[in-house]
Amino acid sequence: RFFIIKESFLLYYSESEKKNFESNKYFNIHPKGVIPLGGCLVEAREEPSMPYAMKISHQDFHGNILLAAESEFEQTQWLEMLQESGKVTWKNAQLGEAMIKSLEAQGLQLAKEKQEYLDKLMEETEELCLQREQREELERLNQVLEAEKQQFEEVVQELKMEQEQIKRELELTARCLKGVEQEKKELRHLTESLQQTLEELSIEKKKTLAMLEENENQLQTLANQSEQPPPSGGLHSNLRQIEEKMQQLLEEKLLAEKRMKENEERSRALEEEREFYSTQSQALQNSLQELTAEKQQAERELKVLARPCGQLPGFAHSLLHPLP
């Protein structure tokens with residue numbers, strides 16, 4: 001016989017049908033017999049006259065069906081195809097259709113979820129691109145702030161050095177001013193001493209002049225009486241020495257007063273210089289505080305702006321590794 005498997009049925013014809021099937025490539029819908037294979041047990045069997053036999057059995061059959069192939073290779077192929085066709089039952093078809101519908105529904109759900117994930121991924125990608133641009137801008141701003149910070153540090157260092165220089169000059173000015181005050185004190189004391197000496201010499205000069213006047217009166221009296229006058233050269237000598245000493249003291253006093261005036265001018269100049277240096281030092285201190293405050297503000301802004309960028313959420317990672 002000539003056999004054809006059609007889904008879960010085994011159709012058999014006369015041997016002449018084989019030539020028609022090979023030439024026309026379609027099978028006759030009126031076979032000699034039909035064997036339903038759904039739920040059948042197909043197994044190999046050896047018979048004395050049929051070494052490559054196959055037994056088809058089912059609980060609803062009245063007996064068994066025994067077929068035979070021409071070779072072991074054909075027997076193996078027919079066994080495999082008959083067993084596979086036995087699985088094609090209405091129940092399995094319904095189950096398969098239900099599974100197909102379920103898989104289609106799952107596929108639609110997965111496609112919908114995938115589209116949602118893709119949309120979210122696009123949003124996250126745009127956000128990450130924006131964050132990357134912000135990070136690049138922050139890096140550029142960070143470089144600018146670092147450069148400004150470096151400039152601030154250099155300016156602060158220069159201001160500190162200038163402040164130290166002004167401090168040293170202030171100390172030097174204070175020492176000079178102290179020396180001038182000491183010299184002024186000494187000159188004042190010297191002037192007072194010279195003034196006292198001049199007063200004493202003036203008194204002594206008055207006494208000497210009085211004595212000279214008295215001697216002159218005596219000389220006049222003696223001249224009238226034609227007597228020998230007493231010598232008065234010593235008084236004139238003393239008077240001359242007193243006048244010379246007074247002249248010398250006056251010169252020293254004028255010199256001391258001149259030096260006192262110079263010291264006062266120098267003291268005034270030093271005081272003005274000290275006030276200038278104090279004002280300059282205060283201005284430098286204020287500038288240093290302002291620069292320090294600006295530096296701290298810049299560092300705080302840099303810390304506030306330099307925030308870590310976001311990461312891909314879990315659903316984006318699931319798209320990178322989708323379900324099978």
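Is Glu301 buried or partly exposed? Select Glu301 and look. Because its relative accessibility is 39%, Glu301 counts as partly exposed. Here buried means under 20% relative accessible area, exposed means over 50%, and partly exposed lies in between (1.4 Å probe, protein chains only).

**Before you go on**

This is a predicted model, in which local features need pLDDT of at least 70 and side-chain atom pairs count only at pLDDT 80 or more, while totals for chains, interfaces and linings use all residues. Residues are numbered from 1 along each chain as its sequence is written, and side-chain values use heavy atoms, with hydrogens and water left out.

**Stop 1: the whole chain**

Show the cartoon. Helices (H or I, at least four residues) and strands (E, at least two) are DSSP runs, numbered from the N terminus. Trace the chain along the sequence, and the pattern reads β-β-α-β-β-β-β-α-α-α-α. The protein has 324 residues, and 21% of them count as buried.

**Stop 2: back to Glu301**

Glu301 sits in helix α4, which covers residues 233-305. Glu301 and Leu145 are 156 residues apart in sequence. In space, their C-alpha atoms are 9.5 Å apart.

**Stop 3: the salt bridges**

How many salt bridges does the structure hold? It holds 4. A salt bridge is a side-chain nitrogen of Lys or Arg within 4 Å of a carboxyl oxygen of Asp or Glu.

Start with Lys55 and Glu43. Their closest N and O atoms are 3.0 Å apart. This pair links distant parts of the chain: Lys55 is in strand β5 (residues 53-57) and Glu43 is in strand β4 (residues 41-45), 12 residues apart. Lys55 is buried, because its relative accessible area is 15%. Glu43 has 31%, so it is partly exposed.

Next, select Arg140 and Glu137. Their salt bridge has its closest N and O atoms 2.4 Å apart. The two residues are 3 residues apart in helix α3, so about one helical turn separates them. Arg140 is partly exposed, with a relative accessible area of 44%. Glu137 is partly exposed as well, at 40%.

Then move to Lys184 and Glu181. Their side chains meet in a salt bridge at 3.9 Å, N to O. Lys184 is buried, because its relative accessible area is 12%. Glu181 is partly exposed, at 38% relative accessibility.

**Stop 4: a charged patch**

Select Glu116, Asp119, Glu123, Glu126 and Glu127. They gather in a patch of negative charge on the surface. Asp119 is in helix α3 (residues 90-225). At 39% relative accessibility, Asp119 is partly exposed.

What makes a patch? Its residues have over 30% relative accessible area and no salt bridge; like charges are joined within 9 Å, and nonpolar side chains (Val, Leu, Ile, Met, Phe, Trp, Tyr) within 5 Å.

**Stop 5: the cysteines**

Select Cys129 and Cys176. Cys129 is partly exposed, with 29% relative accessibility. Cys176 is also partly exposed, with a relative accessible area of 27%. How many disulfides does a search of the whole structure find? The search finds 0. A disulfide is a covalent bond between the sulfur atoms of two cysteines. The search counts a pair of cysteine sulfur atoms within 2.5 Å.

Key:
Areas by Shrake-Rupley, 256 points an atom, 1.4 Å probe, with all protein chains shown as cover. Lys, Arg positive; Asp, Glu negative; His and termini not counted. Charge placed at Lys NZ, Arg CZ, Asp CG, Glu CD.
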